[in-house]
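Work through the exercises below with the sequence and the model side by side. Try each task before reading its solution.

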Amino acid sequence: MATFLYKLGRFAFRRRRFVALIWVALLAVAGVGAATAAAPAADSFSIPGTEAQRAFDLLDQRFPGTNADGATARVVFKAPEGESMKDPANKAAVERTVHALQSGSSQVDRVADPYAAKALSKDGRTAYAQVSYKVTGFELTDASKDALEDAAKDGRDAGLTVETGGNALQAIPETGATEVIGIAISAVVLVITFGALIAAGLPLLTALIGVGIGVSTITALSSSLDLSSTTSTLATMIGLAVGIDYALFIVSRYRAEITEGREREEAAGRAVGTAGSAVVFAGLTVVIALVGLTVVNIPMLTKMGLAAAGTVVIAVLIALTLIPALLGFAGARVLPRKARKADKASTSEASDTSEMSEANRSDDADRGKAAGEELGRSAAATERPNMGTRWARFVLRRPVSVLLAGVIGLGVVAIPATSLELGLPDDGSQPTHTTQRKAYDLLSDGFGPGFNGPLMLVVDGRDAHAGQTTKSAAMRVAKEVGKLDDVAVVTPPTFNKAGDTAMLNVVPESKPSSVGTEDLVHDIRSTASGIAEDTGAKTLVTGTTAMNVDVSQKLNDALVPYLALVVGLAFLLLMVVFRSVLVPLKAALGFLLSVVAALGAVVAVFQWGWLADVFGVEQTGPIMSMMPIFMVGVVFGLAMDYEVFLVTRMREAFVHGERPGEAVVTGFRHGARVVTAAAVIMISVFAGFIGSSDSMIKMIGFGLAIAVFFDAFVVRMALVPAVLALLGRSAWWLPRWLQKLLPNVDVEGEGLRTQLGGSGSGSGTGTGTADGPDPSAAREPARV
């Protein structure tokens, strides 16, 4: 692999104009596709195989025209203190609003008048009008949404409090200025790491190009593939993070090759051949984790994972091709100022390496060597060990203490995860200043907490026993369910035209996200099962809370197979990379520790409310149902990035004669600085999404940021060297029979070095070439 990537890097450097043109063309094509694409058809959330989904499907079949997936809105009215919604003036204002709602848009299916539907609270101060649309929330036109808002204004002008809730107001979430701040922090970290603006700008530029292509493609396909509104946001998160990181490793390696005095095209080839190999395998672990989300069999989650995996593939391809091409354009400007002084002639970039004369080739090589030697001298001028070396030596002196401190610390942070409560976001999780949240609170105050999450029961009497009818079965269901605890109201059954299906609503006494309402769902299903045995009429329970129960159960059932698939495949991949059994095992166990700690932090902030004001969490509540398995998928892939980049250099040093402890120090001396910078960049990108107006995006951003922090700085920087120090040589043990079975992918570039001859670079990203036990292996590497 290293040899192929070496040739690819040299080709991209030599044909840089052609390579850059291809990527610019791809960006333009994707941009045009996004600009001309139709709006998303829907933001649906289906769960195949669950009772709640079967109930929705049955409603579509038996109640044609009801449009169960259509957008809905509740316009809630509240009379001033001392007045009632039955007062003539207030009643007239409501009727005007209802009329405005009916005539405001052709997309409106029907509007339920509060007085005809008896939708008034017991104290008479609160009423609501139910609006049903013919289309989904994302198919609603701006004119329809404006008409909804204008109708609410009519009621306010009459002195009423009027707020609107429901999915008719759903919109693509806004992330705010913090996303820009995250990118700005990344830029600062890159400038500090490289000491040159051009070198710092390359990873940002290429990451933005990759995200632009990925997100534009998602936008262009969103209508035909029914992609959710959060798909592009997730792709942006992961695409930016890995795009910057992968480019960072390639550029760092290129500069390290320059310090060895190599000609620039050769340096670009070796950088892609060595660091690029690690990028490929790191990207593969991320793709495996994201594509593995398909085993959960939730279409929304599957599409999010596949779309994000696509952006990772683009990031890898850009790192392997566009980065060396841009390095060819940049010349010596990727080097620090001191090194550039030795390369004055490089300001006028040569046109194309393939067209240069032999003399010009020699001059370019001489200039590259001069700049590299200057950079090497400036790095070697300081003999004291760098921070990575000092930290590694500290851990090697106290491996047991560091291991215990890390494990106990993460264990304490993980304690809140034991009280994890799962749920789906609703209007109750919206910011308190929004009209959706205000409408939610008005309904809770006027009708009870459970009114915001009614359960829907669908009675299928088509296969009822002889002597039984759908009507009798539905009446029995209503009677039996009404006797259950936590039931506030059971509406009379509504029958379809054929009379073989009934529909009734159950309003719980508890709020939708409470444990009591979840228990009620199980109680209703248990009661319905007994009635079905007696009558033959099956009763299905659906609604937001029932859907949440089914999601949680489906995710719980899928977690073990998902972990087995993803961790198993990644374990095999890492075993091929490191040619060890214990190192991949240690990597997987460390990941599980960091992800559980991250879940504990998410629970503490978003469920318990700790530091809620700091992170802008206005409403605490259950954690999003898909958060655990989602974090497992995404964080596992990202965590393995640092494992590959850091530990590969340790293995290379060990293979070439260093003792286990020395190999750990060598890995940290070469890779700690760059890996630290990459982690800070990834954390800042994810943290930028904490400012989103959408609670789900905010939670994902926080969860991924804190998980990367734990994994990079506690697990990889502390626990990994401590465990390797305790294991010693046994860390790199691999049975002989397994050595013969596993392919040699040559991540370190040993085969490339043998083919090219000469000494490899011992510095850079932690994925250096194999130096062998020759004198060059003992040379103090340059720090860039």
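Two strands count as paired if DSSP finds at least two bridges between them. The model is a predicted one.

**Exercise 1. Strand β9 and its partners**

Task: Find which strands pair with β9, and in which sense.

Solution. 
- Step 1. Start with β6, residues 455–460. β6 and β9 are antiparallel and share six bridges. Leu455 has Val506 of β9 as its bridge partner.
- Step 2. Turn to β7, residues 487–490. Three bridges join β7 to β9, again in the antiparallel sense. Val490 has Val506 as its bridge partner in β9.
- Step 3. β8 and β9 run antiparallel, with two bridges between them. Thr494 is bridged to Met503 of β9.
- Step 4. Look at the turn. β8 and β9 form a hairpin with five residues between them. Gly499 in that turn has a positive phi of about 75°.
- Step 5. β9 spans residues 501–508, and six of its eight residues are buried. The strand is mostly covered.

**Exercise 2. Strand β4**

Task: Decide whether β4 is largely enclosed or open, and find the strand that pairs with it.

Solution. 
- Step 1. Apply the cut-off: buried means under 20% relative accessible area.
- Step 2. Count. Four of the five residues of β4, residues 161–165, are buried, so the strand is largely enclosed by the rest of the structure.
- Step 3. Find the partner. β1, residues 72–78, pairs with β4 over five bridges, in the antiparallel sense.
- Step 4. Locate one position. Val76 stands opposite Glu163 in β4.

**Exercise 3. Aromatic pairs**

Task: The structure holds 10 aromatic pairs. Classify the pair Tyr128 and Phe447 by its geometry, then do likewise for Phe615 and Phe702.

Solution. 
- Step 1. Recall the cut-off: planes over 60 degrees apart count as edge-to-face.
- Step 2. Apply it to the pair from the 10. The ring centres of Tyr128 and Phe447 are 5.5 Å apart and the planes stand at 80°, so this pair is edge-to-face.
- Step 3. Tyr128 belongs to strand β3 (residues 126–133) and Phe447 to helix α15 (residues 435–447), so the pair ties together parts 319 residues apart in sequence.
- Step 4. Tyr128 counts as buried at 15% relative accessibility. Phe447 counts as partly exposed at 22%.
- Step 5. Take the second pair. The ring centres of Phe615 and Phe702 are 4.8 Å apart, with planes at 70°, so this pair is edge-to-face too.
- Step 6. Phe615 is in the loop between α19 (582–607) and β11 (623–624). Phe702 is in helix α22 (residues 695–727). The pair links distant parts of the chain, 87 residues apart.
- Step 7. Phe615 is partly exposed, at 22%. Phe702 is buried, at 6%.
- Step 8. Ring pairs link Tyr128, Phe447 and Phe451 into a cluster.

**Exercise 4. Charges over rings**

Task: Which rings have Arg16 and Lys91 over their faces?

Solution. 
- Step 1. Arg16 lies over the face of Phe329, at 5.9 Å from the ring centre.
- Step 2. Lys91 lies over the face of Tyr115, at 5.1 Å from the ring centre.

**Exercise 5. The largest cavity**

Task: Which helices line the largest cavity, and what classes of residue do they bring?

Solution. 
- Step 1. Search the whole structure. Four cavities of 30 Å³ or more turn up. The largest has a volume of about 70 Å³.
- Step 2. Read the lining. Among its residues are Thr206, Val211, Gly243, Ala315 and Ile323.
- Step 3. Assign helices. α7 (197–225), α8 (231–259) and α10 (299–330) each supply at least two lining residues. The largest share, five residues, comes from α10.
- Step 4. Sort by class. The lining has seven nonpolar, five polar and no charged residues.

Methods:
Residues are numbered from 1 along each chain as its sequence is written. This is a predicted model: local features need pLDDT of at least 70, side-chain atom pairs count only at pLDDT 80 or more; totals for chains, interfaces and linings use all residues. Side-chain values use heavy atoms; hydrogens and water are left out. On a 1 Å grid over the protein atoms alone, a cavity is a set of points where a 1.4 Å probe fits but cannot get out, and a pocket is an open set with protein on both sides within 12 Å along at least five of seven lines; lining residues have an atom within 4 Å of a point. Grid points are joined across faces, edges and corners, and a volume is the space filled by probe spheres set on the points. Ala, Val, Leu, Ile, Met, Phe, Trp, Tyr, Cys and Pro count as nonpolar, Asp, Glu, Lys and Arg as charged, and the others, Gly among them, as polar. Rings of Phe, Tyr and Trp (its six-membered ring) pair if their centres lie within 6.5 Å; planes under 30 degrees apart count as stacked, over 60 as edge-to-face and the rest as tilted. Buried means under 20% relative accessible area, exposed over 50%, partly exposed in between (1.4 Å probe, protein chains only). A charge sits over a ring if NZ of Lys or CZ of Arg is within 6 Å of the ring centre and within 35 degrees of the ring normal.
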